[in-house]
Amino acid sequence: MGVYGDSYLKRAVVAAGGLGANPPEDAVYPVLAADADADADADNKPVNGDHDYILRFETTELPPAGDFWSVTMYDAEGYQVANELGRLALGDRDDLDYDKQDGSLTVYISQHNPGPDRESNGLPAPSRPLGITMRLYAPEPEVYEMRAASSFCFASAPTAPERHWP
């Protein structure tokens, strides 16, 4: 996407959904869609804000982006949802709290505030089906290897619901 040459049909299809698109060497957008038939959580159930999720990145598995990365929450219609924190996305430019012992990162995705010790890593979710989009700008080569293996094969897909937040 983003480099069309004389492929006018490809250009028209992209323009129908919105103007322009970055070529994959500039940006990649792994998506978990808010669609029961599309993507699922680690329990193979549709991603839904009625559950609490964690998105965990081990130190060696932080999002592979040379420039920057972010994770954004959407409702089933594709809109961002207002929330008590006024936070629509989290990314490497935010003041995130990395584990002081091993350097890993945990993002808490929930309709409930994860508590004061975890709030900097909290991404508020609507209490309904949701979609999660990760944006990787200047993606590292391993992103293309993961994409070749599956349409959405990201090592840090949301895990099974975590039910014991304070």
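Strand S6 is largely enclosed by the rest of the structure, because six of its six residues are buried (buried means under 20% relative accessible area, exposed over 50%, and partly exposed in between, with a 1.4 Å probe and protein chains only). Leu105, Val107 and Ile109 point one way from S6, while Thr106, Tyr108 and Ser110 point the other way. Strands are DSSP runs of E with at least two residues, numbered from the N terminus.

This is a predicted model, in which local features need pLDDT of at least 70 and side-chain atom pairs count only at pLDDT 80 or more, while totals for chains, interfaces and linings use all residues. Residues are numbered from 1 along each chain as its sequence is written, and side-chain values use heavy atoms, leaving out hydrogens and water.

## The three-stranded sheet

S6 belongs to an open sheet of three strands with the order S3-S6-S7 and mixed pairing (two strands pair if DSSP finds at least two bridges between them). S3 (53–57) and S7 (122–124) stand at the edges with a single partner strand each, so one side of each has no neighbour in the sheet.

S3 and S6 pair in the antiparallel sense over five bridges, and Phe57 stands opposite Leu105 in S6. S6 (residues 105–110) and S7 run parallel and are joined by three bridges. Here Ile109 stands opposite Leu123, and the bridge partner of Tyr108 is Gly122.

## Salt bridges

The whole structure holds four salt bridges (a side-chain nitrogen of Lys or Arg within 4 Å of a carboxyl oxygen of Asp or Glu). One of them joins Asp102 to Arg56, with the closest N and O atoms 3.6 Å apart. Asp102 lies in the loop between S5 and S6 and Arg56 in strand S3, 46 residues apart. Asp102 is partly exposed at 37% relative accessibility, and Arg56 is also partly exposed, at 29%.

Another salt bridge joins Asp75 to Arg128, with the closest N and O atoms 3.8 Å apart. Asp75 lies in strand S4 (residues 65–75) and Arg128 in the loop between S7 and strand S8 (130–139), so the pair ties together parts that are 53 residues apart in sequence. Asp75 is buried, with a relative accessible area of 8%, whereas Arg128 is partly exposed at 35%.

The side chains of Asp97 and Lys100 meet in a salt bridge at 3.3 Å, N to O. Asp97 is partly exposed at 32%, but Lys100 is exposed at 74%.

Technical notes. Helices (H or I, at least four residues) and strands (E, at least two) are DSSP runs, numbered from the N terminus.
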